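Dear colleague,

Please find below the structure that I am handing over to you. My notes on what was found in it follow directly after.

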Amino acid sequence: MKSSMTTFRNAVTWVARSSSRSFIFIFLLAFSFRVFDLAQVPESLILPNDRWEDTAIATALVERGEFADPYLFPTGPTAHLPPFVPGILAFFWSVFGMSRVGGYAARLFSILAFSTLYAFMPWFGRRLGFSREAGVLAGITGSLIVTGPGNGEEIAGIVIGLMATTFLRRWTSGLGSLGGSCMLGVASGVAYHLQPILLLVVLGWMTFELWWSRDRKKWVHSGAMILGMAIACAPWTFRNYAAFHEFFFIRGNLGLELRMGNHENATGHLERSVRSIEEYRHPRSNPEEARLIQELGEREYMRRAKTEAVDWITENPVDFLGVTASRTTQFWLGPFHQPGIALAVTALTVLALLGAWYSVPGMTLPQRGAVFTPLLCYPLPYYFIIYLPRYRIPLDWILLLLAGAAVWHWLEISGRERNAAPTEP
């Protein structure tokens, strides 16, 4: 047993010793597992289709060049989703055709993104205050966790990692030029078109920067970042205004999301809150709701859904607090109705907490701000609207890093104890 532990520890150290070696090893491991899993997926699920909102919009983009019709019936221009994921699908389907090749090309892009995320983890970890060995352990573990396609969560994970290291460099090496701050704002604004919720994370980092930085021009730099965000968000904002004659931030389905998570008999998990197509009041699958959008228009439908949800919350504050607590708990401990998954998620969260306990004393304050701000800010909306397990994917690499730090801490202790043990004469 001790010999096996020593061999494993030495193997991890060998992989971690070279940045290129660790990247290639983890990338190939993650890619291989996901390609094998993809081979088991029925071809009918790979072919381009309009089953879901993102694929329906992508189909409309390919066939008519319109960002429209995410629901069961044609409803015209939409702001139900941010543009990146449907745009990526439409790109691959346009280039490779609405065929098996196009479907596999889009799936392989997602696999490449997942593989890149986990391959980056030793690099992310080293810059954020963790050992390379912790990053290798985290990357290998993530490589073995295969999930289905989502709505760009894997790309959002890469974005959070790159932005965390960028903000950390600003805090430790100076804020740089105003042009650099503006470009960081532009990059952030572009990322919001993938997942608008990233705005909360960036605002959290900016708040830390204003508190931490001693640069007399820090407010000017923040203004430059905000200007960059506004520049990046302006085109899609004007597109939405042209389509709906009102301003809103990137996407406009908050009312529906709020109602789906807050209603009579709601639970903390979306799939457990509905038991029939009538209860699942989503216009993607419920004909009556889709017809209602046709009659009212998307924006008015979303306003009414929001009003309905707010009225229920106001009238049932205790139930709302209960379902919010359930969502919050399941976000960190996994879905209650799937014990196996919940056990794995809980184990990861507990290990991450232990890793934080071991790691925080050795981290600088800026490193702590870079690492823990996403964990605090990113989940906030999901506590109040709806929960699905894939929503945590953009944060899992951070939790895996913290868990890897805990495991490597124990392996180092084991190694020191073994080396310090007296040898028999």
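Before the remaining findings, a word on conventions. This is a predicted model, in which local features need pLDDT of at least 70 and side-chain atom pairs count only at pLDDT 80 or more, whereas totals for chains, interfaces and linings use all residues. Residues are numbered from 1 along each chain as its sequence is written, and side-chain values use heavy atoms, with hydrogens and water left out.

Overall architecture

The chain contains 20 helices and 0 strands; helices (H or I, at least four residues) and strands (E, at least two) are DSSP runs, numbered from the N terminus. For 425 residues, a compact globule would have a radius of gyration near 22 Å, and the 23 Å of the chain agrees with this. That radius is taken over C-alpha atoms, and the globule rule is 2.2 Å times the number of residues to the power 0.38. The C-alpha trace spans about 90 × 55 × 50 Å along its principal axes. Of the 425 residues, 50% count as buried, where buried means under 20% relative accessible area, exposed over 50% and partly exposed in between (1.4 Å probe, protein chains only). Among contacts (heavy atoms within 4.5 Å) between residues at least 6 apart in sequence, 76% join residues at least 24 apart.

Helix α14

The buried residues of α14 (residues 287-296) are Glu 289, Ala 290 and Ile 293. Seen down the helix axis, these residues fall within an arc of 100 degrees, so they line one face of α14; the arc is that of the directions from the helix axis to the C-beta atoms. Their cover includes α13 (254-261) and α15 (298-315). Glu 288 and Glu 295 are exposed residues on the face turned away from the buried side. At the N-terminal end, Asn 286 caps α14, with a side-chain oxygen 3.0 Å from the backbone nitrogen of Glu 288.

Aromatic pairs

A search of the whole structure finds 28 aromatic pairs. Rings of Phe, Tyr and Trp (its six-membered ring) pair if their centres lie within 6.5 Å; planes under 30 degrees apart count as stacked, over 60 as edge-to-face and the rest as tilted. Phe 23 and Phe 27 form a stacked pair, 6.2 Å centre to centre with 10 degrees between the planes. Both lie in helix α2 (residues 19-39), 4 residues apart, about one turn of the helix. Phe 23 is partly exposed, with a relative accessible area of 29%, while Phe 27 is buried at 19%. The rings of Phe 331 and Trp 332 have centres 5.1 Å apart and planes at 70 degrees, so this pair is edge-to-face. Phe 331 is buried at 1% relative accessibility, and Trp 332 is buried at 19%. One aromatic cluster is formed by Phe 23, Phe 27, Phe 31, Phe 120, Trp 123, Phe 124 and Trp 397.

Ser 143

Ser 143 is in helix α8 (residues 132-144) and is buried, with a relative accessible area of 0%. Leaving aside neighbours within four places in sequence, its contacts are Ile 26, Leu 29, Ala 30, Phe 33, Arg 34 and Tyr 118. A polar atom of the Ser 143 side chain lies 2.7 Å from the backbone oxygen of Gly 139.

With kind regards

Note on methods: A polar contact is a pair of N or O atoms within 3.5 Å; within protein, one must be able to donate a hydrogen and the other to accept it, and residues adjacent in sequence count only if both atoms are side-chain atoms.
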